[in-house]
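Work through the exercises below with the structure at hand. Each task is followed by a stepwise solution.

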Amino acid sequence: MKVSGFSKLSKLAKIEWLIDNHFGGNEKARETLLNYWHSDEKLQQIHDEFIENTLTNFYVPFGIAPNFLINGKNYTVPMVIEESSVVAAAAKSANFWFDKGGFKATVKSTIKIGHVHFTWDGDHFDLLDNFITSINQKFYSETNSITANMQKRGGGILEINLKDKTQDIPNYYQLEVKFETCDSMGANFINSCLEKLADVLKSEINSSELIPNQVEVVMCILSNYTPECIVRVDVTCPIEQMVEGTDISAQKFAERFTLAVNIAETQPYRAVTHNKGIMNGIDSVILATGNDFRAVEASAHAYASRDGRYSSLTHAKIENGIFNFHIEIPLALGTVGGITGLHPMVKFSHQLMGNPNAEELMMIAATVGLAQNFSALRSLTTTGIQQGHMKMHLLNILNQLEATEEEKKMIVKYFIKNTPHHAEVVDAFQRVRGGEVLK
Ligand code: MEV
């Protein structure tokens, strides 16, 4: 049966409704929700008010990866993620590159783009184009009350251009607007500017005798595709330093690693998994710092397809005995606004890294992505991924089996030398439960 007015119920009434309608009044289900409430009411209220219909909190681990040497500065990076091996992999990679000079990062550009999407059924593009050029100053002056503060910080509207899109859709045009949003991600700022620009566009054109046809605004929205908001991070070392710790030679490791990257560059099936590994690292930092991981994901994958074929976001080469590995990725991030000043753990994350500005955060997040990819390829091209992966996942399996602390200790020790597969862990657990001492 459809429920009406649900959002207006109190939190407890919502929980009652849910438990009665979906859990047959089950007390345990209610307890699960209540157990995750924070005991500090004020703190809980902050979380309640982030979204609508909040019932409780949803915990995800918050971990840290130390030893990230980026442009000579040593960072300890906060990571929020549920996947067992991600933080360990980032930390391992940070450690590997620390002694080789660390990561070299540069922000190449910070422009964001938004559009007023509109239709105009006139025939003469030049007429529209000239008119829009003639009211260009008005666009800036009419948005001044929105942009004044951003301008003081060095940002604002950079450019406004008319785009003829009638080849794609009849009568369809865009005002394409470029923005600099400084340390804020800028979504609200951009969308507010665009809506104001749309008002100006409509009122100027529809009241002008110079333009016979009317415009109709379809929508105003920023684009999450940010190919002009790019960060690049490199690691470099002489091939002989690519000592990996297994029995593979440094030369062989560097060559196989480079080939693995080349496979991702040319094979979309591999590129998707390769980039997913990169995003394991980046998303963890994005979440910890209160940024929008959906926006970052959407942009990264669009960028990976910019040449018409989905490809790798990282690249590797060996030249004159030097190994180089780099990432280039769009990252539209903010260090002010959104929930950055509100969520206590987000604030903590920013403090942990010395309150970076947006450009510094772009460099940190991209570095963690590169590091993550390095670790994944390192394992894939040497021991295989399952060794590290299953070791980290072992505790999840044991927790699912409700192993005691003693049992866990014994089983973890038992699997130190072998890759634990699920069935073997279950078998080991059953033997320990049955009283066997594993050797
Ligand atoms: C797993 O979450 C990520 C990897 O599959 C990435 C990769 O294959 O490069 C290990």
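**Exercise 1. Characterise the salt bridge between glutamate 405 and lysine 408.**

Step 1. The two side chains meet at 3.0 Å, N to O. A salt bridge here is a side-chain nitrogen of Lys or Arg within 4 Å of a carboxyl oxygen of Asp or Glu.

Step 2. Note the basis. This is a predicted model: local features need pLDDT of at least 70, side-chain atom pairs count only at pLDDT 80 or more, and totals for chains, interfaces and linings use all residues. Residues are numbered from 1 along each chain as its sequence is written, and side-chain values use heavy atoms, with hydrogens and water left out.

Step 3. Locate the pair. Both residues lie in helix α15 (residues 405-414), three residues apart, about one turn of the helix. Helices (H or I, at least four residues) and strands (E, at least two) are DSSP runs, numbered from the N terminus.

Step 4. Check accessibility. Buried means under 20% relative accessible area, exposed over 50%, partly exposed in between (1.4 Å probe, protein chains only). Glutamate 405 is exposed at 57%. Lysine 408 is buried at 13%.

**Exercise 2. Describe the salt bridge between arginine 431 and glutamate 436.**

Step 1. The N to O distance is 3.2 Å.

Step 2. Arginine 431 is partly exposed, at 27%. Glutamate 436 is partly exposed too, at 36%.

Step 3. Turn to shared partners. Glu16, Glu27 and Arg30 are joined into one network by such salt bridges. The salt bridge count comes to 16.

**Exercise 3. In what order do the four strands of the open sheet lie, and which helices pack on them?**

Step 1. The order is β5-β6-β4-β7, with antiparallel pairing. Two strands pair if DSSP finds at least two bridges between them.

Step 2. Find the edges. β5 (156-164) and β7 (215-222) each have a single partner strand, so one side of each lacks a neighbour in the sheet. The twist averages 20° from one strand to the next.

Step 3. Inspect one pair. Seven bridges join β4 (residues 111-120) to β7. Phenylalanine 118 has valine 217 in β7 as its bridge partner.

Step 4. Helix α5 (residues 125-134) touches β4, β5 and β6 (172-180), at about 170° to β5. Contact means heavy atoms within 4.5 Å. Helix α8 (residues 187-206) lies across β4, β5, β6 and β7, at about 170° to β7. Axes are lines fitted to C-alpha atoms, for helices over the stretch in contact, and angles run from 0 to 180 degrees between N-to-C directions.
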